[in-house]
Amino acid sequence: MISPAFATILASGRAQFNGRAAEARRRFPALDMAAFGAFLHDGVDPLVVAVAAAAPERVGGVTLAAYDMALELVGHVLAGPVAKNPFLNSVWRELTPSFAPLLSTAPVDVLGMLSNAAIHIGAVAGARPAQWQAGMAAVAPQVGSIAQLRAVGQVLAWRAGVAHFRQGALAAADTLPHALALAAFGEPGAQWPQVHAQLMANPWRGNAEGREFGAFTGLGGDFATPPQVRATLYGFVVRSAERHYLLVADAYGAVLHSATAQEFELAQTGVPASVRLDGATVHVGARSIALDLPAGDIALAANAHTLAITSPWTHAIRLLPLA
């Protein structure tokens with residue numbers, strides 16, 4: 001059962017809402033009205049209740065905007081009980097109410113921005129949508145504008161594993177009030193200029209161990225054959241069988257994109273003088289890391305910040321910070 005606030009609005013505008021639903025059925029012949037009704041209950045009602053409490057004079061307009069967007073999302077099977085991306089349901093149900101004051105002034109922008117973010121993050125392999133949602137909810141009381149919402153969403157998407165957002169997220173963070181930027185990074189007691197400088201200088205800040213990426217396609221991974229890796233300025237070009245990829249990785253995550261054979265041929269194969277391989281032990285400056293790999297066929301590639309380690313005996317790429 002929906003809330004009294006939502007029920008009252010639907011009843012008072014029954015003809016208008018029914019007309020919008022009829023038009024949506026013409027646009028989306030496969031629109032499942034039972035699924036739409038379920039999404040109204042699970043996804044729209046919570047935000048209506050939140051706006052009714054925060055700005056009751058604007059709840060009607062917010063409800064209309066949410067209703068229209070819900071019809072489109074369910075029509076595209078992006079929301080509702082059989083959604084392609086179940087994370088979107090969670091964002092509407094649990095996160096949008098946190099932004100009730102901003103929703104009351106710009107419902108289309110807020111709902112569109114949060115929905116697009118949910119769809120994108122939910123589709124990135126290796127990303128952590130639940131972390132992004134929790135981070136957004138935590139900073140919601142400090143977000144006072146659409147521009148801030150966009151910036152903090154990008155920062156938190158990066159921190160939730162969307163590694164290729166790094167440069168844009170750092171630029172976006174610099175537009176935020178320092179307190180909000182620090183809150184987005186979970187460092188409320190720090191000084192933003194110093195944090196920003198450290199993040200710019202070291203993509204592995206806060207993660208000295210690095211990470212392992214990749215697995216055999218037969219086990220749900222990305223690589224049909226053990227990968228070969230070469231370095232570029234911001235990542236690594238990977239060759240596996242006849243396919244090529246760009247791997248972007250940092251302290252927060254790793255993301256694989258498409259690349260070309262030419263990009264692989266042009267990428268670098270060397271490592272800095274601070275890196276040395278001794279059997280199955282790699283030395284990075286003063287650190288020594290024993291590798292769980294047979295000695296003799298281990299290959300190394302490095303850019304300014306990261307060392308990539310591969311072997312014909314594994315489908316995984318080991319990534320180690322150089323700093």
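**Ground rules.** I am working with a predicted model, where local features need pLDDT of at least 70, side-chain atom pairs count only at pLDDT 80 or more, and totals for chains, interfaces and linings use all residues. Residues are numbered from 1 along each chain as its sequence is written, and side-chain values use heavy atoms, with hydrogens and water left out. Helices (H or I, at least four residues) and strands (E, at least two) are DSSP runs, numbered from the N terminus.

**Entry 1: helix H9.** I checked the length of H9, residues 146-159, first.

Next I asked how many of the 14 residues of H9 are buried. Ten are, so the helix is largely enclosed by the rest of the structure. Buried means under 20% relative accessible area, exposed over 50%, and partly exposed in between, with a 1.4 Å probe and protein chains only. Among the buried ones I noted Ile146, Leu149, Val152, Leu156 and Trp158. Their cover includes helix H7 (107-123), helix H8 (129-139) and helix H12 (192-201). After H9 comes glycine 161, with a positive phi near 110°.

**Entry 2: H1 against H4.** I then looked at how helix H1 (residues 4-12) meets helix H4 (residues 59-75). Their axes come within 11 Å and cross at roughly 80°. Axes are lines fitted to C-alpha atoms, for helices over the stretch in contact, and angles run from 0 to 180 degrees between N-to-C directions. H1 and H4 are therefore roughly perpendicular to each other, a label for angles of 65 to 115 degrees.

Which residues meet here? Phe6, Ile9 and Leu10 of H1 meet Val59, Gly60, Thr63 and Tyr67 of H4, contact being heavy atoms within 4.5 Å. The residues of this contact divide into five nonpolar, two polar and no charged. In this scheme Ala, Val, Leu, Ile, Met, Phe, Trp, Tyr, Cys and Pro are nonpolar, Asp, Glu, Lys and Arg are charged, and the others, Gly among them, are polar.

**Entry 3: the four-stranded sheet.** I traced an open, antiparallel sheet in the order E1-E11-E10-E9. Strands E1 (211-213) and E9 (299-302) are at the edges with a single partner strand each, so one side of each lacks a neighbour in the sheet. On average, neighbouring strands of this sheet are turned by 25° against each other, direction ignored. Two strands pair if DSSP finds at least two bridges between them, and E9 and E10 have four. Alanine 302 has leucine 307 in E10 as its bridge partner.

**Entry 4: the three-stranded sheet.** A second open sheet runs E6-E7-E8, again with antiparallel pairing. E6 and E8 (287-290) are the edge strands, each pairing on one side only. Four bridges join E7 (residues 281-284) to E8, and valine 284 has arginine 287 in E8 as its bridge partner.

My last stop was alanine 267, in the loop between helix H13 (261-266) and strand E6 (275-278). Alanine 267 is buried, at 11% relative accessible area.

Note on methods
Angles under 35 degrees count as roughly parallel, over 145 as roughly antiparallel, 65 to 115 as roughly perpendicular and the rest as oblique.
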